[in-house]
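Work through the exercises below with the model open. Try each task before reading its solution.

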Amino acid sequence: MAAQSQYEELARQLSAIGAVKREMGRMLPQDCPPASAGVLTLLDRHGEMRMSQLAELLAIDMSVTSRHVAHVCERGWVERKPDPADKRSRLLRLTPSGRALLEDLAERYTAALARYLGDWTDTDVGHLIELLARLRTSFGDCRTRAPHDFTTRTPAG
């Protein structure tokens, strides 16, 4: 197990990752904030879905999800269509322009990572990918957990 000082440094480094995320967010088109990119990404990954499922995947309130969906629909990136199983509900689906935007975003992100990590070896990038995937696995599905009181817990407990 890592020493307490290592966990403290890891906490500082993870907190500083926010600056990296903000820099990556600056690469998005002005009319596509990070939340919109998240909506598009989830619809691409999981296919068409109801707003309630999207809210669950985003781990945000339905009213906030509704605003995000309105934004992407207004721009023609997502369409709402009747749910054949329940005509009162709507399914959200990526449009061809939404898919094209996602392809553009992937190119922007890939180019930025290549620029910022250009002096890293392939092995270093591979280790980063492996460790980040492992970190995500260790945390599991954070959407389904109740808040914890970490004041009395130790890394081992």
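**Exercise 1. Find the bridge partner of Lys-81 in β3.**

Solution. Lys-81 is bridged to Leu-91 of β3. Next, place the strands: β2 covers residues 78-83 and β3 covers residues 86-94. Their pairing is antiparallel, over 6 bridges. Two strands count as paired if DSSP finds at least two bridges between them. Finally, β2 and β3 make a hairpin, with 2 residues between them. Strands are DSSP runs of E with at least two residues, helices are runs of H or I with at least four, and both are numbered from the N terminus.

A note on the source: this is a predicted model, where local features need pLDDT of at least 70, side-chain atom pairs count only at pLDDT 80 or more, and totals for chains, interfaces and linings use all residues. Residues are numbered from 1 along each chain as its sequence is written, and side-chain values use heavy atoms, with hydrogens and water left out.

**Exercise 2. Decide whether Asp-83 is buried or exposed, and list its contacts.**

Solution. Start with location: Asp-83 sits in strand β2. Its relative accessible area is 6%. Buried means under 20%, exposed over 50%, and partly exposed in between, with a 1.4 Å probe and protein chains only. Asp-83 is therefore buried. Now skip neighbours within four places in sequence: Asp-83 contacts Arg-50, Ser-89, Arg-90 and Leu-91. Contact means heavy atoms within 4.5 Å.

**Exercise 3. Classify the packing of α2 against α4.**

Solution. Take helix α2 (residues 34-46) and helix α4 (residues 62-74). They pack at about 80°, with axes 9 Å apart. Axes are lines fitted to C-alpha atoms, for helices over the stretch in contact, and angles run from 0 to 180 degrees between N-to-C directions. The classes are roughly parallel under 35 degrees, roughly antiparallel over 145, roughly perpendicular from 65 to 115, and oblique for the rest. So α2 and α4 are roughly perpendicular. On the α2 side, Ala-35, Ser-36, Val-39 and Leu-40 meet His-68, His-71 and Val-72 of α4.
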